[in-house]
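Thanks for asking me to look over this model.

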Amino acid sequence: MSPAQIYGVPARTTRLNFQHQLAVSVTNGCLLHPAIPVSDVKNVADVGTGTGIWLEDLYTRQLRSEVISEDRCFDGYDISPAHFPKKGNCNHIVHDVLKPFPTQYHGYYDLVHVRYMALSLKTKEYSLAADNLMDLLKPGGYIQWEDFDYADISANPGSSVHEELITIISTFLRGRGMSTRSSHDVVAALKAAGFENVTREERNSYWESGLTHEVRKWAWTSIQRLTLRALIWSGLARDKDAAGIITRDMLRRLEDDYMGGVVPNFPHRIILGKKSVCDV
């Protein structure tokens, strides 16, 4: 069986939902950080919602014991409707986080959730995004931003091909103006926007030995998606065909290391902040 058959996740919708389940696993099943009181969460905005799976899970799981009254609101925002669910309990709205949100949503939400913007935002854009997200919150409202630090996709035991691939990808991301340690940029952006009590926590998959296969699947698929683009951009491959040959060879070597016991890390980071209660 080929590595693609073992680890590949062909459809983007399937991949996003798989990634969600892995994120839930490394956070011990929690959708909301324990520091955010569920009783205070009535209106929720999920920015970068993708397939809407986090928002639907929050509706059905985190608030299951609550009475979901008609005056609660669960809104998912994304720059494209391509992966919005065809049915569900939540609303879905097309919007770019780098543009101001409509004024009718200003000061409306108790919680703003953001996840996995590391490949969508350039480093210089985090501050603008944070300012726009601040507008959505009620005074005293919370933000929970979850993201990856690509530079921390380590492997244990060490793997030379894994390190080479992560170096190629990290160089590509930085060259495109993106961050490989996005959680630190999120912290800085939230503080600059005026959020209070900003904290950053790490969740690493190597803390959970039962996630080995899932993490290999995620890492292999993520590396596969980015390496070909990175090789062409960097000039390490003269064209797409050459990049494909190099990528396939490196992924075969990576698969050999996985079969030999190498396990990559899923570097999930959680950043929290709160809008001042005096911000009216």
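**Notes on the fold**

1. I would start with helix H4 (residues 126-136), in which Tyr126, Ala129, Ala130, Asn132, Leu133, Met134 and Leu136 are buried. Please keep in mind throughout that this is a predicted model. The cover over the buried residues of H4 includes strand E1 (43-47), strand E4 (109-115), E5 and helix H6 (182-193).

2. Now for the overall picture. The protein has eight helices and nine strands. Its radius of gyration is 19 Å, close to the 19 Å that the globule rule gives for 280 residues, so the protein is as compact as a globular protein of that length. The C-alpha trace spans about 55 × 35 × 35 Å along its principal axes. Of the 280 residues, 50% are buried. Among contacts with a separation of 6 or more, 82% are between residues 24 or more positions apart.

3. Which residues have the most contacts inside the largest nonpolar core? They are Val47, Val112, Leu133 and Trp145, in a core of 64 residues. Helix H7 (residues 212-234) gives the most to this core, contributing eight residues. There is also a second, separate core of 15 residues, with Leu31, Leu32, Ile36 and Leu111 among them. As general background, nonpolar side chains tend to be buried together in soluble globular proteins.

4. Strand E5 (residues 137-148) and E9 run antiparallel and are joined by seven bridges. On the parallel side of the account, five bridges join E1 to E2, and four join E2 to E3.

5. Is strand E2 (residues 73-78) enclosed or open? Six of its six residues are buried, so E2 is largely enclosed by the rest of the structure. Both faces are covered: Cys73, Asp75 and Tyr77 are buried on one side, and Phe74, Gly76 and Asp78 on the other. In general, side chains in a regular strand alternate between the two faces of the sheet.

6. Do look at Lys275, which sits in the segment after strand E9 (267-274). Lys275 counts as buried because its relative accessibility is 7%, under the 20% cut-off. Leaving aside neighbours within four places in sequence, Lys275 is in contact with Met134, Asp135, Leu137, Lys138, Pro139, Gly140, Gly141 and Phe195.

7. Gly141 lets us view that contact from the other end. Gly141 lies in strand E5 and, at 4% relative accessibility, counts as buried. Not counting residues up to four places away in sequence, Gly141 touches Asp110, Gly273, Lys274 and Lys275. The C-alpha atoms of Gly141 and Asn43 are separated by 9.9 Å, with the two residues 98 apart along the chain.

8. Last, the cysteines. A search of the whole structure finds zero disulfides. For Cys30, the nearest cysteine sulfur is that of Cys90, 19 Å away. Cys90 counts as buried, at 10% relative accessibility, whereas Cys30, at 32%, counts as partly exposed.

Technical notes: Residues are numbered from 1 along each chain as its sequence is written. This is a predicted model: local features need pLDDT of at least 70, side-chain atom pairs count only at pLDDT 80 or more; totals for chains, interfaces and linings use all residues. Side-chain values use heavy atoms; hydrogens and water are left out. A nonpolar core is a set of buried Ala, Val, Leu, Ile, Met, Phe, Trp, Tyr and Cys residues joined through side-chain atoms within 4.5 Å. Buried means under 20% relative accessible area, exposed over 50%, partly exposed in between (1.4 Å probe, protein chains only). Helices (H or I, at least four residues) and strands (E, at least two) are DSSP runs, numbered from the N terminus. Contact means heavy atoms within 4.5 Å. Two strands pair if DSSP finds at least two bridges between them. A disulfide is a pair of cysteine sulfur atoms within 2.5 Å. The radius of gyration is taken over C-alpha atoms; the globule rule is 2.2 Å times the number of residues to the power 0.38.
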